[in-house]
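Student: I am new to this structure. Please take one chain and go through it closely, from its overall make-up to its details.

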Amino acid sequence: MTSIPITERTDRFQGYRGAARAAFEQHGIGVWSEVEIVNDRGSSFVGVVLPRSENADDLHIVVKLFNGYNVGIRADRIASARELGYRKASYKIPEKDFPFDPKKKNVTLLGTGGTIASRLDYRTGAVIPAFTPGELYGAVPELADIANLTTKKLFGVFSENMGPEEYKTLAIAIGEEIEKGCDGIVVGHGTDTMAHTAAILSFMVQNSPVPIVVVGSQRSSDRPSSDAALNLMNAVRTAAECDIAEVMICMFGPTSDNYDLLHRGTRCRKMHSSYRSTFRTIGATPLATVSRYPNEDGSHFTYLTDDIVRRDKSRKPVITPVFEEKVTIQYYYPNFKPDIIDGLSAMGYRGMVIAGTGLGHVNKPIYPAIRRAIEKGMTVVMTVQTLWGFAQMYVYDTGRDLLDLGIIPMDNMLPETAYVKLGWVLGQTDDPQKIREMMTTPINHEITPREPHNGYLILQGGLPEVEAFVQKHWK
Amino acid sequence: MLEPLDYDAVGLISGLEVHQQLLTQHKLFCRCPAGLYTETHDGEVLRHMRPTLSELGEYDGTALMEFKTKKEIIYLLNHLNVCTYEMDDTPPFLVNQDAIDVSIELCLMMQMDIIDEVHIARKQYLDGSIPTGFQRTAIVGVNGILPFRGRDLTITHLSVEEDSCREVRDSGHQIVWRTDRLGMPLTETVTGPDLRTPDEVREAILLCGLVARSTGRVRTGIGASRQDVNVSVRGGNRVEIKGVPRAGYAVKLVHNEGIRQHRLLQLREELHRRGFTTPDSIRVEPIDVSDVFAGADLGFIRRALDAGGRVFAVKAFGLAGLAQWATQPDTTFLDELSGRIRVIACLDQPPVVLSSALLPQFPGKYRVVERLRKRVKPGERDDFFIVFGPEEDCRTAANEIRIRFAEATEGVPKETRQALTGGFTTFERILPGPDRMYPDTDSPPTRITDERVAEIRARLKPTPWARMERYATWRVPEETTTFLIRKGGAEIVDAVVEKTGVDGLVAAIEIGQRAKALRRAGIPVERLGQAEWVSVFDLLADGRIARETVPVIATRMAEDSLTAADAATAEGIAIVDRRQWLPQLDQLSMDGYLKEKCDSPEKQLRFLAGKAVDALRGRAPAKEIAEALREKLRLTK
């Protein structure tokens, strides 16, 4: 098995420094060596040497024992170590051909990073992402029952590293795939900034003839309890069969393995750092539910509203891949200092979304700074940090003063949606009148004229009637 | 009666995995209270488990089996004892350092080598017993020994891990779990395969229990410690008997497993004799015979058909009569088939599977059997089995029958078997291997410094064997010593001896026997801690109370929350000067008693002493009263 001489292995020290690295040199072992290490108490450890995280200390060597457990062995306690073999982890999943069925719809999956499906290398514990149709078929074979799948990996970045360039690339790629005639698009995405991406795609890709479904997972796909496979199945189902030709987020409705919700891209937000059912539509209801098994009427979808744009292949998409990067969100707090705004203005920021308190307020001491910024050409728009409800700045004097300064109220547009929209608008014009008009004219429900009472439903736990209700449902 | 088995001749080998809950305030990876059990719930979650493919595109054996069962898994939640972590909706918090400390303490007691840097791993379980689909577990120590029957019992490793859910019910395709226990810290101590007889297994379980109890930092009571016993015979395979609740049960279970494996090896010979030498030589054929049974007056068949299910005959080529092959006493190979079908095909309505040779009586049976034979057409050497239920499950069952016979051609399959009362076991799942473990990327490793280990070592409690030896020199009965170590009384005895200087035997007997009797009588003596007992024995050491009054004082202290001195006063107990009680003894009219008929002078003395001690209760030491009476008797003669 020792195919490569140890001194020629390029990956021999992955993450190891100092004493641990010295021990590698001394004993002629390295990462991926199958070793027997005996320590100063005569305890023997047999297993595979794993790479070490860069931020871990330089004193220990990590071995995955052949009994499955991992241990860290202190380098200075090693009495003897010898290499029994060498087997580098191969991060490769055998591909199986994704079956093609002419009767099924064609769906394109665009990858941005993150893993929607993966496999495990038990020998090393490595998680191997599955992405190509063949790999996905191996990991989630049920997909073949739903649609014909094509995949395209656009980039491999964490959700927090998605930005203007990625948005543009993604929008253009979606346009191309629609052009090629696919029946729906699925975008694989990390969940942290999924809502930002869904919102910007709602603006960059308009008039889509087919569904554009953004999907991810809250529990990584390497675990048996992951939501990834079900989310993916439901997203592909939505892209292939759903009648809603909008940008949507498809993620768990309840935390139970039950159904996914289809949220409108402009009205959705991640509301819990780790729950499966983290995505919620704010100030409205979701568009539909999608489930793995059909309803009694044979459909996998339950539509929750008629106010949707329907699938229509004759429609031509309009792609506007522009974004002004000098835009910011400021979350107002009681001691917010005006110098922040002056600073942003001096740095050339062209747009600022304020998440204000209550109906859209900030305190008086920062008025002059806002005035200066607007006079210098910055567009300042107001959203509410309560997330639910409208910026209604005419109610109180403070709000009216702010309107006089030239701040544009965004009604019930979510702060993150306002941020990406402002970037997109400023990427197209610097005419204040045009900016104001574009920002206040909704493209896809980012501002709604009315808020239904069931658009705000945060049930308060502990109340007897709420507990009675919750008990009857799978959470 | 146990059927005889020569353990040495069949090469019986056994080892233990002892699970012990630790006495910590919180769970292992979240801040939920540990040890708070509830029988009600205020929320439910539905989940499924999906196996993750390994590198070669293969599923781990257990994972695959569990996936085949396609279970709906329901978790019952109570906000008092679970948070979003147990629901698998929040990543783990940093590992509970208290639990690591107790684990280190246990390791040191077993002379183990402490791991320098503890890494959390995930061990996959797809049965739903843990909502994440894996158990977080970490090796804390390796390479230890326990002194056992004059030799060393090796301890391979000790790991700290989170406890699993409690099963509420498992029927058909739905399994329900209660989550209160989930996440409680637990250690798993794994011994080497060093045990050779069922009795050694029993003794080793007791020893491991004593070690754990010696720390005073483990939980006790039902379910707080559970052991899995691994058994194999020469040529057989490792079978894990899961959930042996107490040491005594192990004897019969290990013995019966030895017999089972021995018999399965004989069955392999028979299969080979019939030409079935490889797993793929076994052939079965499922045949839908629902129509044949449609009119049969059999409750379980009718219920299955009414529910839209089917009845299948599974024809097994060349396997006639083998289902009747005895395995464990009173069980046959048909039970092996039944176990697999129940667990994997989810067909759990009794009788699960019928053998053609053992169809129950029902009206018109003859006609049904006739039609069955016509349909199935079994040859002289063939057999067939009847299964009933949803069609898909019946087909799974047919395949499981094939698989189980296929495994029999190779001998004993690696299995986890559940311990049942009466010393029997039933199939639970395929034995998981190391290929179901991978690192927990959610948890950073914990470095165990030399200072930390030294600190724990410094406050290490005496090992059970050290205590046994010490108490033996005091001539404390072994049974009492064991009781004291198990129940934490040894800690108190040691403190009493050290702080008051009383005789070790006296302290051990008073605490290990008399106090135990009080507790049985319903007196809450467990309320008395170390300090309270020391104060009682202080009075004794100072000669202020008589030994006989120790239980009286302890009772009063426990019942009324009094100090030792106040309890003694309340009971009117205080040793008075000999000059005071001697006249009292004289004043007592012992003369009347002198005429009582007694067989011997000793009996007379004992009789008189009894009367006197009653009268002088607590004011004079019994020993001195006896001496005074002896003198008196000598004088009256």
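Tutor: Chain A contains 11 helices and 23 strands. The model is a predicted one, and what follows describes that model. The C-alpha trace of chain A spans about 80 × 60 × 55 Å along its principal axes. Chain A has 475 residues, and 50% of them count as buried. If contacts in chain A are taken between residues at least 6 apart in sequence, 70% of them join residues at least 24 apart.

Begin with strand β1 of chain A, residues 33-39. Five of its seven residues are buried, so β1(A) is largely enclosed by the rest of the structure. β1(A) has strand β5 of chain A, residues 78-86, as an antiparallel partner, and seven bridges join the two. Within that pairing, A:Ser33 has A:Tyr86 of β5(A) as its bridge partner. β1(A) also pairs with strand β2 of chain A, residues 44-49, again in the antiparallel sense and over five bridges. β1(A) and β2(A) form a hairpin with four residues between the strands. In this hairpin A:Gly42 takes a positive phi near 85°. As background, side chains in a regular strand alternate between the two faces of the sheet.

Next comes a residue in a loop. A:Thr191 sits between β10 (184-188) and α4 of chain A. The cut-off for a buried residue is 20 or more other C-beta atoms within 10 Å. A:Thr191 has 21 C-beta neighbours inside 10 Å and therefore counts as buried. Apart from its neighbours within four places in sequence, A:Thr191 has contacts with A:Ser159, A:Gly216, A:Gln218, A:Lys270 and A:Thr278. A:Gly360 lies 169 residues from A:Thr191 along the chain, and the C-alpha atoms of the two are 28 Å apart.

α4(A), residues 194-204, and α9(A), residues 415-426, meet at an angle of about 40°, with their axes 9 Å apart. Because of that angle, α4(A) is oblique to α9(A). The crossing of α4(A) past α9(A) is right-handed. On the α4(A) side, the residues in contact are A:Ala195, A:His196, A:Ala199, A:Ile200, A:Phe203 and A:Met204. On the α9(A) side, they are A:Glu416, A:Thr417, A:Val420, A:Lys421 and A:Trp424. Sorted by class, this contact has seven nonpolar, two polar and two charged residues.

Another pair of helices in chain A can be set beside this one. Helix α6 of chain A covers residues 338-346 and helix α7 of chain A covers residues 367-375. Their axes come within 8 Å and cross at roughly 10°. Angles under 35 degrees count as roughly parallel, and therefore α6(A) and α7(A) are roughly parallel to each other. α6(A) makes the contact through A:Pro338, A:Ile341, A:Asp342 and A:Ser345. α7(A) makes it through A:Pro368, A:Ala369, A:Ile370, A:Arg372 and A:Ala373. In this contact of α6(A) with α7(A), six residues are nonpolar, one is polar and two are charged.

Note on methods. Residues are numbered from 1 along each chain as its sequence is written. Chains are lettered from A and ligands numbered from 1 in the order in which they are written. Axes are lines fitted to C-alpha atoms, for helices over the stretch in contact, and angles run from 0 to 180 degrees between N-to-C directions. Angles under 35 degrees count as roughly parallel, over 145 as roughly antiparallel, 65 to 115 as roughly perpendicular and the rest as oblique. A crossing is left-handed if the near helix is turned anticlockwise from the far one by less than a right angle, and right-handed if clockwise. Two residues are in contact if their C-beta atoms, placed from the backbone, lie within 7 Å. Ala, Val, Leu, Ile, Met, Phe, Trp, Tyr, Cys and Pro count as nonpolar, Asp, Glu, Lys and Arg as charged, and the others, Gly among them, as polar. A residue is buried if 20 or more other C-beta atoms lie within 10 Å of its own, exposed if 12 or fewer, and partly exposed in between; C-beta atoms are placed from the backbone. Two strands pair if DSSP finds at least two bridges between them.
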